[in-house]
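Hello,

Here is the structure I promised to pass on. Please have a look at it first, and then read my notes below.

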Amino acid sequence: LRTALRTGADAAYEAVLRPVEGTILTVARETAEWVEKDDATNLGVLLANAATAADESVLRTPDLLPALKDAGVVDAGGRGFTLLLAALRHVAVGEPLPEPRHVERAAGMEGGAETDEFRYEVMFLLDADDATIPAFKQAWAAVGDSIVI
């Protein structure tokens with residue numbers, strides 16, 4: 001679990017051209033750092049401790065990302081990461097999944113947030129040789145924001 005969380009966090013930062021703190025990246029990294037220091041030997045205990053670390057990290061995301069603080073929300077991706085850990089606990093040790101939370105929409109967020117800076121999201125699957133990826137990342141860095149490869 002320690003290796004998986006560290007490898008996942010490192011790979012996530014590597015995949016994003018311009019990593020931003022206060023996102024799922026921060027939550028994954030801080031959770032990995034926490035479990036690396038945790039001396040628990042029981043998987044259930046380690047997963048519970050990882051979940052606590054992830055929850056605490058999510059609560060700090062608005063302090064790291066002004067857009068979250070302005071909207072009065074935490075990072076949705078980070079919150080999703082906590083659900084992933086809950087699902088791992090459910091499968092590994094039978095811990096019940098958390099009940100869905102009812103969240104009131106932040107003021108001014110009807111229909112979702114839209115900014116002039118980030119209007120479109122485009123996703124596609126690229127099948128390419130690993131050696132071509134650095135040049136691909138460099139080319140796309142010049143024309144897009146928040147690119148994940």
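Let me start with E14, which is exposed, at a relative accessible area of 56%; exposed means over 50%, buried under 20% and partly exposed in between, with a 1.4 Å probe and protein chains only. The side chain of E14 meets that of K137 in a salt bridge, 3.7 Å from N to O. By salt bridge I mean a side-chain nitrogen of Lys or Arg within 4 Å of a carboxyl oxygen of Asp or Glu. E14 belongs to helix α1 and K137 to helix α6, so this pair ties together parts that are 123 residues apart in sequence. K137 counts as buried, at 14% relative accessibility.

Before going on, some notes on the source: this is a predicted model, in which local features need pLDDT of at least 70 and side-chain atom pairs count only at pLDDT 80 or more, while totals for chains, interfaces and linings use all residues. Residues are numbered from 1 along each chain as its sequence is written, and side-chain values use heavy atoms, with hydrogens and water left out.

Now the overall picture. The protein chain has six helices and zero strands, where helices (H or I, at least four residues) and strands (E, at least two) are DSSP runs, numbered from the N terminus. Of its 149 residues, 30% are buried. Among contacts between residues at least 6 apart in sequence, 57% join residues at least 24 apart; a contact means heavy atoms within 4.5 Å. The chain exposes about 10300 Å², and carbon and sulfur atoms supply 57% of that (Shrake-Rupley method, 1.4 Å probe; for residues, only the protein chains shown count as cover).

How many salt bridges does a search of the whole structure find? The total is nine. Among them, E30 pairs with R60, with the closest N and O atoms 2.7 Å apart. Here E30 lies in helix α2 and R60 in helix α3, so the pair ties together parts that are 30 residues apart in sequence. E30 is buried at 18%, whereas R60 is partly exposed at 36%. R29 and E33 form another salt bridge, at 3.2 Å between the closest N and O atoms. Both sit in helix α2, four residues apart, about one turn of the helix. An α-helix has 3.6 residues a turn, so residues three or four places apart point the same way.

T61 is in helix α3 and is buried, with a relative accessible area of 0%. Beyond its neighbours within four places in sequence, T61 is in contact with G22, V27, L68, V74 and D75.

Lastly, the surface. L1, in the segment before α1, is partly exposed at 32%. Together with L43, L84 and L88, L1 makes a nonpolar surface patch of about 320 Å². Patches are made of residues with over 30% relative accessible area and no salt bridge; like charges are joined within 9 Å and nonpolar side chains (Val, Leu, Ile, Met, Phe, Trp, Tyr) within 5 Å.

Best wishes
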